[in-house]
Structures are given as C-alpha cells and as structure tokens.
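We will go from one selection to the next.

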Amino acid sequence: MANHFGEKIRNLREAKHLLQRQVAEKIEIDAALLCKIERGERKAKKDQVLSFAKLFKIQKEMLLTLWLADKVYDLIKDEEMATAALKVAESQYSYKPK
C-alpha cells in the first residue's frame with residue numbers, strides 16, 4: 001500500500017516536535033484518525049490535506065500530489081494493465097485544455 005502522504009505528514013509533525021493529538025486538534029480531526037492517516041490505514045479528505053499544508057506552512061501542491069498519487073496507486077495496484085492504463089490516462093490528460 002502506498003503511503004507517501006501519511007509518511008510525509010508524520011515526518012512534518014515529528015520535525016516540529018508535535019504530538020498527534022496536538023496536530024489533530026489544530027486541524028479538527030480525531031487523534032485516532034490522524035494515527036491511521038499516518039500509517040496509511042485511512043485516507044485524508046482533500047480539505048484535510050489543505051489543512052495540513054496550512055498548518056505545516058508548506059505548498060499545498062506538494063501534499064496534494066502525494067495524496068493523489070496514493071489514491072491512484074490504491075485504485076490500480078492490483079490491475080494487470082495498470083501501467084498501460086496510466087500511459088493512456090497521461091496522454092489524454094496532456095492534451096486536456098487547462
């Protein structure tokens with residue numbers, strides 16, 4: 001299971017010497033949920049990702065990228081044609097007007 005997002009949150013929290021309960025309180029979630037997010041047992045919601053970025057004063061794009069990458073991985077990890085599907089999706093996305 002990919003857990004780049006959860007690992008990043010744990011690293012950021014530990015670098016600031018914060019306890020899980022302190023971070024959970026600041027972003028208004030349960031400490032048990034934060035623990036599960038850090039371990040990769042639960043996925044954060046997008047608004048929670050943005051709250052983490054604000055709390056840790058880091059670019060939201062970086063955290064959103066890790067969060068979305070974990071979601072994509074979880075969706076395709078057991079698919080035989082995952083790599084081919086990713087290539088098709090990437091080529092389609094590349095041509096999508098912004």
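This tour of a predicted model visits a core, a leucine, an arginine and a surface patch.

**The core.** Start by selecting Phe5, Ile9, Ile29, Phe52 and Leu63: among the 19 residues of the largest nonpolar core, these touch the most other members. Now colour the helices that supply this core with at least two residues each: α1, α2 (20–27), α3 (31–39), α4 (46–56) and α5 (60–76). Which helix gives the most to this core? Look at α4, which contributes 4 residues. As background, nonpolar side chains in soluble globular proteins tend to be buried together.

**Leucine 63.** Next, centre on leucine 63 and show what surrounds this residue. Leaving out residues up to four places away in sequence, you will find Phe5, Lys8, Ile9, Leu12, Val49, Phe52, Ala53 and Ile58 touching leucine 63.

**Arginine 13.** Move on to helix α1, residues 4–15, and pick arginine 13. Is arginine 13 buried or exposed? Its relative accessible area is 9%, under the 20% cut-off, so arginine 13 counts as buried.

**The surface patch.** Finally, turn to the outside and select Leu68, Val72 and Leu86, a nonpolar patch with about 230 Å² of accessible area together. Leucine 68 belongs to helix α5. With a relative accessible area of 46%, between the 20% and 50% limits, leucine 68 is therefore partly exposed.

Notes: Residues numbered from 1 in each chain as written. Predicted model: local features only at pLDDT ≥ 70, side-chain atom pairs only at ≥ 80, totals over all residues. Heavy atoms only, no water. Buried < 20%, exposed > 50% of the residue type's maximum accessible area, 1.4 Å probe, protein only. Core = buried A, V, L, I, M, F, W, Y, C linked by side-chain atoms within 4.5 Å. Contact = heavy atoms within 4.5 Å. Patch = residues over 30% accessible without salt bridge, like charges linked within 9 Å, V, L, I, M, F, W, Y side chains within 5 Å. Areas by Shrake-Rupley, 256 points an atom, 1.4 Å probe, with all protein chains shown as cover. Salt bridge = Lys/Arg side-chain N within 4 Å of Asp/Glu carboxyl O.
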